[in-house]
Amino acid sequence: MKVHKAEPSNGTDTLSGAKRVASDKPMTEKKTRGRQRSSESQEAILKATAELLTEKPLRDVTIEFIATKAGVGKVTIYRWWPTKAYIALDAYLRILAKHITVPDTGDIKTDLTTLLRYSMNLAAMPE
């Protein structure tokens, strides 16, 4: 097995001889396909989902119901979420984020106990 030593770059890949293209983007930057999420559509979808879930259980909620209530196409929803369970989870987390502040006292036991208490109080709240 031949080992190649690193040499100063002249813009050519030493193994294949192909020209490399320099990029100013970090290698860790995640590439996405398609259009970016519209914040208005996303908000409408999550709000519609939350409203539908106050009326009926998740098993009775369909992507079509969510799309109709949100005023978007089903394709828009499926582009961003693979199933209605993921939409419901995002809607629930959005609600939690608005109502629960995460404490940071420096004591993990106290923080988790407080967070759990906040969560239980929120779950017990009538709509």
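Predicted model: local features only at pLDDT ≥ 70, side-chain atom pairs only at ≥ 80, totals over all residues.
Me: Why is H1 called roughly perpendicular to H4?
Reply: Two packed helices are described by the angle between their axes and the distance between the axes. For H1 and H4, the angle is about 95° and the axes are 9 Å apart. Roughly perpendicular takes in angles from 65 to 115 degrees. The angle falls in that range, so H1 is roughly perpendicular to H4.

Me: Which residues make the contact of H1 with H4?
Reply: H1 brings Gln42, Glu43, Ile45, Leu46, Thr49, Ala50 and Leu53. H4 brings Ile87, Ala88, Asp90, Ala91, Arg94, Ile95 and Lys98. By class, the contact has 8 nonpolar, 2 polar and 4 charged residues.

Me: What does Ala50 touch?
Reply: Ala50 lies in helix H1. Leaving out residues up to four places away in sequence, Ala50 touches Ala91 and Ile95. Both of these belong to the H4 side of the contact. Take Arg94 as well: Ala50 and Arg94 are 44 residues apart in sequence, yet 9.6 Å apart in space, C-alpha to C-alpha.

Me: Which residues of H1 are buried, and what covers them?
Reply: The buried ones are Ser41, Gln42, Ile45, Leu46, Ala48, Thr49, Ala50 and Leu52. Their cover includes helix H2 (63–70), helix H3 (74–80) and H4.

Me: Which residues of H4 are buried?
Reply: Ile87, Ala88, Ala91 and Leu96 are. Their cover includes H1, H2, H3 and helix H5 (108–124). Across the protein, 21% of the 127 residues count as buried.

Me: Why is Trp80 called buried?
Reply: Buried means under 20% relative accessible area. Trp80 has 14% relative accessibility, so Trp80 counts as buried.

Me: And why does Trp81 count as buried?
Reply: The cut-off is again 20%. Trp81 has 3% relative accessibility, so Trp81 counts as buried.

Me: What makes Trp80 and Trp81 an aromatic pair, and what makes the pair edge-to-face?
Reply: Ring centres must lie within 6.5 Å. Here they are 5.9 Å apart, centre to centre. Planes over 60 degrees apart count as edge-to-face. These planes are 80° apart, and the pair is edge-to-face. A search of the whole structure finds 1 aromatic pair.

Conventions. Residues numbered from 1 in each chain as written. Heavy atoms only, no water. Axes fitted to C-alpha atoms, helices over the stretch in contact; angles between N-to-C directions. Helix = DSSP H or I, 4+ residues; strand = E, 2+ residues; numbered from the N terminus. Parallel < 35°, antiparallel > 145°, perpendicular 65-115°, else oblique. Contact = heavy atoms within 4.5 Å. Nonpolar A, V, L, I, M, F, W, Y, C, P; charged D, E, K, R; others polar. Phe/Tyr/Trp six-rings, centres within 6.5 Å; stacked < 30°, edge-to-face > 60°. Buried < 20%, exposed > 50% of the residue type's maximum accessible area, 1.4 Å probe, protein only.
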